[in-house]
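Please open the model in your viewer and keep the sequence panel beside it. The tour goes from one selection to the next and says at each stop what is there.

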Amino acid sequence: MITAQNVFIGFGKAAKTLAGALANRGESVIMIEASDKMYGGTCINVACIPTKTLLTSSQNNRLGDAQENYRSAIVNKNDVTGTLRSSNLHKLSDKATVTVLNGWAEFEAPKQLKVTYQNGKVDQISGERIFINTGSTPIIPEISGGLATSPFMQTSETLMDQRRLPKHLAIVGGGYIGLEFASIYANFGSQVTIIDAGKQFMARDERELAMAVQRDMAAKGVEFELNAQVTQVINQVGEAKIEFNQDGQQRTITADTILVATGRKANIAKLGLDKAGGIATNQRGGIIVDDHLRTNVDNIWAMGGDVRGGGAQFTYISLDDYRIVLDQLVGDGKRTLAEQELVPHVVFLNTPVATIGLNEEQAKNQQIAYQVGKLATTAVPKAHVLGNTTGYLKVLVDPANHEILGATLYCIEAQELINMISLAMHQHLPYEVLRDQIYSHPTMTEAFNDLFGTIK
């Protein structure tokens, strides 16, 4: 029996950060990770970092052979993720009180786990506290014709390991993951078709934004099949035939690669939660926690929006989960999930989309009084320097107290700009603070002078 004060299942963002903090306090830590390719969690290895690395490479894809450019981009992506993965491992494994184990963890009792290694060896692990941070796994819908076993089917994780550039990439699912991959592969030169069951493109966003993004993606060759239910996938020589029902009519396209981007689910199916005193789960297949991330079983926590099921599946949410739990263990316990109700959302397209708080349609529907400011990206000098003047910046403010209610940024470097607006919103600053700030030039942030100057 191997024992420790703290046992972590999954080497995710929250787990690695919390484990390091507790180890720095001299506490013993066991970190259990099923794969030696997942140190650091989903984001670093199979999501945020590799996709953004590929997006950057794809935007530089100008001259030369498309296949060779793509292969080089995959090699570079692997170098980046490999470096970060190794760094994350050593940040823990080099600490005297930390033991990292590579194996499958399964509960045998509330404070006891069985770890099975690839060679079949089994160890028994016990801990005073147990933390679950196992991330998520792609959802593969059941579709006639064997989509799940099709040689042409890829997930968001496996596609990035393929060194052959797809000629025609069909993406099943028009959510944020699907859109990001559409941008990447269209840049590399693939024909891209998005097949989405939804009637509206980017249904969660206001129509002004959705229409602008769809128009700009279409201009780069991305095709959209909306209100389309895939009914069958038929494997053929060198390609698959994808049949879908659209507006009552049967349609067919062929593609040599099918990306399934229909969402992700908590990676907890094999943990044996019932043996851990019956850890409760919700209808979305995630672990139920309270506002302090405690499960219904004492001294067992679940961290990460994906593991919790229904939470925002962002690595920065997982990082904040670490803060909430650490505050209970060594602080005053005042941090809660309530602090995560207002966070930025970013879609990394050729021109990124970043939003926070209310958009204009939501404010109108909820009958919330607001004033609006809007600025075309082409009015920002730095956008011209960067060679991308696509889109606009829009903010809503409260006419009574002048605080920012929300922002929609569709512009180059939106992923950076949104953080300053988020900071202002959390600190309840009047919008005039951003309007009157002296910014360096030329930068995208200086757009705030003009953007907030348009408030009316």
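Begin by selecting Phe201, which, once its neighbours within four places in sequence are set aside, is in contact with Leu179, Arg207, Ala210, Val213, Gln214, Met217, Phe224 and Leu226, where contact means heavy atoms within 4.5 Å. Before going further, note that this is a predicted model, in which local features need pLDDT of at least 70 and side-chain atom pairs count only at pLDDT 80 or more, while totals for chains, interfaces and linings use all residues. Residues are numbered from 1 along each chain as its sequence is written, and side-chain values use heavy atoms, with hydrogens and water left out.

A nonpolar core is a set of buried Ala, Val, Leu, Ile, Met, Phe, Trp, Tyr and Cys residues joined through side-chain atoms within 4.5 Å, and buried means under 20% relative accessible area, with exposed over 50% and partly exposed in between (1.4 Å probe, protein chains only). Helices (H or I, at least four residues) and strands (E, at least two) are DSSP runs, numbered from the N terminus.

Next, select helix α5, residues 176–188. Because 12 of its 13 residues are buried, α5 is largely enclosed by the rest of the structure; the buried ones include Tyr176, Phe181 and Ile184. The end C-alpha atoms of α5 are 19 Å apart, which agrees with the 18 Å that its 13 residues should span at 1.5 Å a residue, the expected span being 1.5 Å times one less than the number of residues.

α5 lies across β9 (168–172), β10 and β15 (257–260), running at about 165 degrees to β10; axes are lines fitted to C-alpha atoms, for helices over the stretch in contact, and angles run from 0 to 180 degrees between N-to-C directions. Five strands, in the order β8-β15-β9-β10-β11, form an open sheet with parallel pairing, where two strands pair if DSSP finds at least two bridges between them. At the edges stand β8 (153–155) and β11 (223–225), each with a single partner strand, so one side of each is left without a neighbour in the sheet. From one strand to the next the twist averages 25 degrees. Between β10 (residues 191–195) and β11 there are three bridges, and the partner of Ile194 in β11 is Phe224.

Finally, turn to the charged side chains. The structure holds 20 salt bridges, each a side-chain nitrogen of Lys or Arg within 4 Å of a carboxyl oxygen of Asp or Glu. Select Glu27 and Arg129, whose side chains meet in one of them (2.9 Å, N to O). Glu27 lies in the loop between α1 (13–24) and β2 (29–33) and Arg129 in strand β6 (residues 122–132), so the pair ties together parts that are 102 residues apart in sequence. Glu27 is buried, at 13% relative accessible area, and Arg129 also counts as buried, at 18%.
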